[in-house]
Amino acid sequence: MSAVDHAGGGAETFYRAEEHEHPEGSNTMLGFWIYIMSDTLIFAMLFACFAVLGRHYDGGPGPKDVFDITLLALNTTMLLCSSITYGFAMISMQNGRTGGTLGWLLVTALFGMAFVGIELHEFAGMIAEGATPERSAFLSSFFTLVGTHGTHVTIGIIWMFTLMAQVSRKGLNAANRRRLMCLSMFWHFLDVIWIGVFTVVYLLGMIQ
Amino acid sequence: MSHDANPDTHEEFGAHGTVRGYLTGFVLSVILTAIPFWLVVSRATGPLATAVLILAMALIQIGVHMIYFLHLNTRSEGGWNILAAIFTVVLVVIAISGSIWVMYNLDINMMPMSGNQIGAGQ
């Protein structure tokens, strides 16, 4: 039936001749979520690597020798506080308050910088004591996993300052709101990864 | 939800948070972070119980962050977000548990045997 109809109708198309409307950026949030999920897989591999290698000290320093729980608590507090302040930035954005958004973004960036600063201080202390990445499999996998997370946070801070410049110049327009939503996902995602890091790498290491 | 009542102000991208939601998530996170730290510092429970408890807290806290901070629910992006998340969780579980399982056995089988292990292993 239909074959005959189509044959009679001449040119037959199996695709939409006209593209239906996609407003600019309508797929960005889903696309960015897929990116976050793929980044989760990167961290999953690094966690798997640490789970396999994390107890191979090669006679070198172990978690109890190199980790400082006070520093860890301080670090974790910084990142947790930065999550809620980013949340407040998003609330300000939803209410259309440019000043509030910029203020909360600045507070979030400062918390993030405190986190990275404490982490670098910790790394420097470890390296000064001879606990370098090449010392043992435990330290190699530790520096790879925690360093990758720290790099992500650093990039998030750079991105945050970029968006603060954008928002202060052009205001909370649709494009900037979309970008802030993406950074929100990225920032909260890094906090989720940190939950895994402080639990699996630090706390589980210290109770051995 | 408010955007259901007024279709003209339909959400542009993703889900919107509320002050109440963020504060709830924050308070839960603080509690779920403080308990593991306290368990490790105080040594109130044995090493195995502590390990199980802090891993459980971490999983709950990840869930809290997903719901209150990342606004993950079954409706966002027409369900594609949660679908991608479930797929990722499956891959993460396979990758981590599979690595630990395979490498643990490899480790046991390739362990250089010391004197007493040779006797005990036979």
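This is a predicted model: local features need pLDDT of at least 70, side-chain atom pairs count only at pLDDT 80 or more; totals for chains, interfaces and linings use all residues.
Colleague: Does Thr132(A) count as buried or exposed?

Modeller: The term buried applies under 20% relative accessible area. Thr132(A) has 18% relative accessibility, and therefore it counts as buried.

Colleague: Which residues is Thr132(A) in contact with, leaving aside its neighbours within four places in sequence?

Modeller: Contact requires heavy atoms within 4.5 Å. With the neighbours within four places in sequence left aside, the contacts of Thr132(A) are Ile127(A), Leu139(A) and Phe143(A).

Colleague: How many helices and strands are there in chain A?

Modeller: Along the sequence, chain A follows the pattern α-α-α-α-α-α-α. The count is seven helices and zero strands.

Colleague: What percentage of the residues of chain A count as buried?

Modeller: Chain A has 208 residues, and it exposes about 9400 Å², with carbon and sulfur atoms supplying 63% of that area. Of its residues, the part that counts as buried is 51%.

Colleague: How many residues of chain A are in contact with chain B?

Modeller: Between them, chain A and chain B bury about 3900 Å², and 82% of this lies on carbon and sulfur atoms. On the side of chain B, 46 residues take part in the contact. On the side of chain A, the number is 46.

Colleague: Which three residues supply more of the area that chain A buries against chain B than any other three?

Modeller: The three together supply 16% of the area that chain A buries against chain B. They are Trp33(A), Leu80(A) and Ile207(A).

Colleague: Which element gives the most residues to the side of chain A that touches chain B?

Modeller: Helices H2 (28–53), H4 (69–94) and H7 (174–206) of chain A are the elements that give two or more residues to this side. The one that gives the most, with 16 residues, is H7(A).

Colleague: How many residue pairs are in polar contact between chain A and chain B?

Modeller: The side of chain A that touches chain B divides into 33 nonpolar, nine polar and four charged residues. Across the interface, the rule finds zero salt bridges. For polar contact, the count of residue pairs, both at pLDDT 80 or more, is two.

How values were computed. Residues are numbered from 1 along each chain as its sequence is written. Chains are lettered from A and ligands numbered from 1 in the order in which they are written. Side-chain values use heavy atoms; hydrogens and water are left out. Buried area is the accessible area (1.4 Å probe) that two parts lose on being put together, summed over both. A salt bridge is a side-chain nitrogen of Lys or Arg within 4 Å of a carboxyl oxygen of Asp or Glu. A polar contact is a pair of N or O atoms within 3.5 Å; within protein, one must be able to donate a hydrogen and the other to accept it, and residues adjacent in sequence count only if both atoms are side-chain atoms. Helices (H or I, at least four residues) and strands (E, at least two) are DSSP runs, numbered from the N terminus. Ala, Val, Leu, Ile, Met, Phe, Trp, Tyr, Cys and Pro count as nonpolar, Asp, Glu, Lys and Arg as charged, and the others, Gly among them, as polar. Buried means under 20% relative accessible area, exposed over 50%, partly exposed in between (1.4 Å probe, protein chains only). Accessible areas come from the Shrake-Rupley method with a 1.4 Å probe; for residues, only the protein chains shown count as cover.
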